[in-house]
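Here's a quick walk through a few local features of one model. Grab a viewer and follow along.

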Amino acid sequence: MRFRHRAAAGFATLLLPLAGLVGLAGTAQAATNATATYTKSSDWGTGFGGQWTIKNTGTSSISSWTVEWDFPSGTSVTSAWDADVTNSGTHWTAKNKSYNGTLAPGATVSFGFNGAGSGSPSNCKLNGDSCDGTTVPGDAAPSAPGTPTASSVTDTSVKLGWSAATDDKGVKNYDVLRDGKVVGTVTTTSYTDTGLTAGTDYSYTVQARDTADQTGPVSGAVAVHTTGGGTTPPPTGNKVKLGYFTEWGIYGRNYNVKNLVTSGSASKITHINYAFGNVTGGKCAIGDSYADYDKAFTADQSVSGVADTWDQPLRGNFNQLRELKAKYPNIKVLWSFGGWTWSGGFGEAAKNPAAFAQSCYDLVEDPRWADVFDGIDIDWEYPNACGLSCDTSGAAAYKNVIAALRAKFGSKNLVTSAVTADGSSGGKIEAADYAGAAQYVDWYNVMTYDFFGAWDAQGPTAPHSPLTSYSGIPKAGFTTADAMAKYKAIGVPASKLLIGIGFYGRGWTGVTQDAPGGTATGPAAGTYEQGIEDYKVLKTSCPATGTVAGTAYAHCGSNWWSYDTPATIATKMAWAKNQGLGGAFFWEFSGDTSNGELVSAISNNL
């Protein structure tokens, strides 16, 4: 079976080998008819994102470009996209790709990179001459300020405070944005917004401006509900509540689409991801044709209560999803492609994104089941990094694939993606251009689970889905909070980030210590796989004995498990709302109890 565990963490990031990216450009024109400017797009302390923009200011076309600059010792480029970047010591050179060397008069082109260290570029040259940019090269944009905190909330006002941004030339002031629009500019790190409406929801972010009038990325968002207008904030009806339904669940697990109805879960969700379609030969492909559209369900197994016949045009899970949508027309269904096992196929797909997107569109929109699906979800779980295999498609490949899918599926279909939650320094979030791809997706399913597990057979025991860090965590950055902060720091809107919940636990055996951090002898026994067990089983077989970092853990006999409960899910949903996230998703329906208590916990608290 194609489970998607161990998707978020546990493997080293594979950065682009820059020495192997050397490309040749044609003879360059003098730079007196072109400019190059540099901005720092993000900063995460130990590294940063940078972008160069080349503009043709002349009256004739430019056929190629080369940008050169110096970094101080200790600062370097670790990966790059849309340019071939090489270095000789501290001197760096970027040449155009074959597809972006030509610039018409007035046209611009940009390339980006991730860097290590804290230095800024100097001695910029474009095609051998001074860059002469309107922004002085080396003057980096400021970092994102800290996520604001709200206090002194009244019917009509709120006081906001935040931690300062950093900038190589100094921060001049801060813009305060309410629901994405600037409502004030201050030189301090606090602001009181007035003239608000009682009993109303608002979202605030902050953006810094340096002495050269460059603005940096916006901070994380804080949600504020003014007092008055009723004693309880109105329910949030626009949050995504999404569950994965596995095509193979109808076999050994005997979990059918009808179970969404009998458990009460169907009335509490907004979206379903059907997992998984295959990715092979550079194309989207059927995962399991028998389960997808051929299996005949009996009357007692069917959503409609009517048995499938041998000659009906569509059977299988697809027809059951069609019957579910007829009963619950608010539910949207996406076909999810890839997953842990089949993510290795995306490398070939990335070689021709347009052809890949066309194949996916043709499959999802097949006339036999086009009405079943409302879009596509891409579960490329380790782009430009290592997972079940190692992907070397480059940092820009992920963005290129997502952009091609959006272009093909258009604005009327949903395009979403499951993404890594590795928030560690130098981790998987830094390996691909998730910031660039964000403009093309409706949301990211951030896989905030499977951080720790019994693949480390001797331990230490640790919660597999920590919300925050804690003393003794085996690896810094392997938390939900770190992952979300990192995505927001690179510019992904909080509203496009969904928190992930696992409907299962991960466990070890041979454990004597109650608290996390104990040693073990191997994975605990599980129904379908060692080291993993459904919540519906663990709830009674090994009840929770404590919590750590927002996740429950249980020590029973020699076994130690961690998993989410209705109580910890309530905590995580409150945190997600406070962060301004777009909602929540979970893997997967069959791990829940027969009355859907985990789905209820998500719905009731989100």
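This is a predicted model: local features need pLDDT of at least 70, side-chain atom pairs count only at pLDDT 80 or more; totals for chains, interfaces and linings use all residues.

Residues are numbered from 1 along each chain as its sequence is written, and side-chain values use heavy atoms, with hydrogens and water left out.

**Salt bridges**

Take a salt bridge to be a side-chain nitrogen of Lys or Arg within 4 Å of a carboxyl oxygen of Asp or Glu. By that rule the count comes to 18. Here are three of them:

| Pair | Closest N to O |
|---|---|
| Lys-97 and Asp-84 | 2.8 Å |
| Asp-450 and Arg-506 | 2.7 Å |

Elements here are DSSP runs numbered from the N terminus: helices are H or I with at least four residues, strands E with at least two. Lys-97 sits in the loop between strand 6 (91-95) and strand 7, and Asp-84 in strand 5 (residues 84-88), so this pair ties together parts 13 residues apart in sequence. For burial, under 20% relative accessible area is buried, over 50% is exposed, and in between is partly exposed (1.4 Å probe, protein chains only). Lys-97 is partly exposed at 23%, while Asp-84 is buried at 11%.

Lys-539 is partly exposed at 36%, whereas Glu-597 is buried at 16%. Lys-539 belongs to helix 10 (residues 535-541) and Glu-597 to helix 12 (residues 597-605), so the bridge ties together parts 58 residues apart in sequence. There's also a salt-bridge network linking Arg-253, Asp-534, Lys-536 and Glu-588.

Strands count as paired if DSSP finds at least two bridges between them. Three strands make an open, antiparallel sheet in the order 10-11-14. Strand 10 (149-151) and strand 14 (190-193) are the edges, each pairing on one side only. Strand 11 (residues 158-161) pairs with strand 14 over four bridges, and Lys-159 has Thr-192 in strand 14 as its bridge partner.

**The second largest pocket**

On a 1 Å grid over the protein atoms alone, a pocket is an open set of points with protein on both sides within 12 Å along at least five of seven lines, and lining residues have an atom within 4 Å of a point. The second largest pocket is lined by 32 residues, with Ser-41, Ser-42, Gln-51, Ala-435 and Ile-490 nearest its centre. Strand 7 gives the most to this lining, with five residues.

Key
On a 1 Å grid over the protein atoms alone, a cavity is a set of points where a 1.4 Å probe fits but cannot get out, and a pocket is an open set with protein on both sides within 12 Å along at least five of seven lines; lining residues have an atom within 4 Å of a point.
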